[in-house]
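Reader: Please pick one part of this model and take me through it closely. Give the cut-offs as you go.

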Amino acid sequence: MTAVGTRGVGAGVGRTALLVAHARALEARRPDPLAVDPYAEHFVRAAPGCADWPRDPAQVAPGDPVWERLAGYFALRTRVLDTHLLDAARAGTRQVVLLGAGLDSRAHRLPWPPGTTVWELDRPDVLAFKQHVLDSLPAAPRADRRTVAVDLTTPWSGALRRSGLDPARPTAWLAEGLFLYLPAEAELRVATALDLLSAPGSTLAYEIKSAPESAAVRTHPVYTATRDRLGIDLLALFSPDPRPRTATLLTTLGWHTTTRSPFDHPTPRLRRTPDDPFDANRWITCRKTTPPHHRDLSG
């Protein structure tokens, strides 16, 4: 298989997409998986620089900071956010937008009700690589899948509307990991833009860090081993800006928000430890209760 489009995916934040995909690939091989993504390993195998990553959980040493601890976090996050989206679908929402979709295959792997459309928004190089791999597989989406190649730090809502999103109907939005990397101002712009496209009944889930990492957390093996072994410096990729009060903004715009820690979702594979690297991580879920403000949606 030719690794088309992998230069962009293999560098910077794009390489973290491969890390998350590989965590999902390992999870799918566990006897008690929190989530199963049958396409994840194909993305990793098609990309350069991942050949020495373990392909089976049996190859992972107990307590490994990358392929057990960090991968376990990604697996739980996948499970929780999958549930968020499927709950919205069961409640009648038929529009799903994945902001910064990365290499996840939710359009293919989740049991969407008939009539569901799933939009995937990400950089052109990521979407091109993803499509190249999917085209090489017997992979059929279980919803009407539409890709929108955009940079989410620039205006993107117009492209999404042109792809068919109807702001008069509820939408289930997901920003899995996206806000960790965006500058504060860009995060607020994304939140404001999606509010303008959200009818009452729309939902949103996203991930943030509630506080900067302490010195002890910054030297945690989850971060140092990921950097030293995989060449992925997660801390350097996180935006250094003080984080904005996005949940407060959404509340003023008519959303009801709920904040939870990963440790509010008990699993033996994610136990809190001293100076835990995930103590500051928060998963925010929101539901729109009032109509959006009327503003120009052409951006």
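Author: Start with helix 10, where V222, Y223, T224, A225, T226 and L230 are buried (under 20% relative accessible area; exposed is over 50%, partly exposed in between; 1.4 Å probe, protein chains only). Helices here are DSSP runs of H or I with at least four residues, numbered from the N terminus. The model is predicted: local features need pLDDT of at least 70, side-chain atom pairs count only at pLDDT 80 or more, and totals for chains, interfaces and linings use all residues. Residues are numbered from 1 along each chain as its sequence is written, and side-chain values use heavy atoms, without hydrogens or water.

Now its partner. Helix 4 (residues 65-90) and helix 10 (residues 221-230) have axes that come within 9 Å and cross at roughly 125 degrees. The two helices are therefore oblique to each other. Helix 4 brings P65, V66, W67, R69 and L70 to the contact (heavy atoms within 4.5 Å). Helix 10 answers with P221, V222, A225, T226, R229 and L230. By class, 8 of these residues are nonpolar, 1 is polar and 2 are charged.

Some of these names return around L19. L19 touches V66, W67 and L70, and also T226 and L230, among others. Both L19 and W67 are among the residues with the most contacts inside the largest nonpolar core, which has 47 residues. Helix 10 is one of the elements giving two or more residues to this core. Helix 4 gives the largest share, 9 residues.

Just after helix 10, G231 takes a positive phi of about 75 degrees.

Conventions: Axes are lines fitted to C-alpha atoms, for helices over the stretch in contact, and angles run from 0 to 180 degrees between N-to-C directions. Angles under 35 degrees count as roughly parallel, over 145 as roughly antiparallel, 65 to 115 as roughly perpendicular and the rest as oblique. Ala, Val, Leu, Ile, Met, Phe, Trp, Tyr, Cys and Pro count as nonpolar, Asp, Glu, Lys and Arg as charged, and the others, Gly among them, as polar. A nonpolar core is a set of buried Ala, Val, Leu, Ile, Met, Phe, Trp, Tyr and Cys residues joined through side-chain atoms within 4.5 Å. Lists of a residue's contacts leave out its neighbours within four places in sequence.
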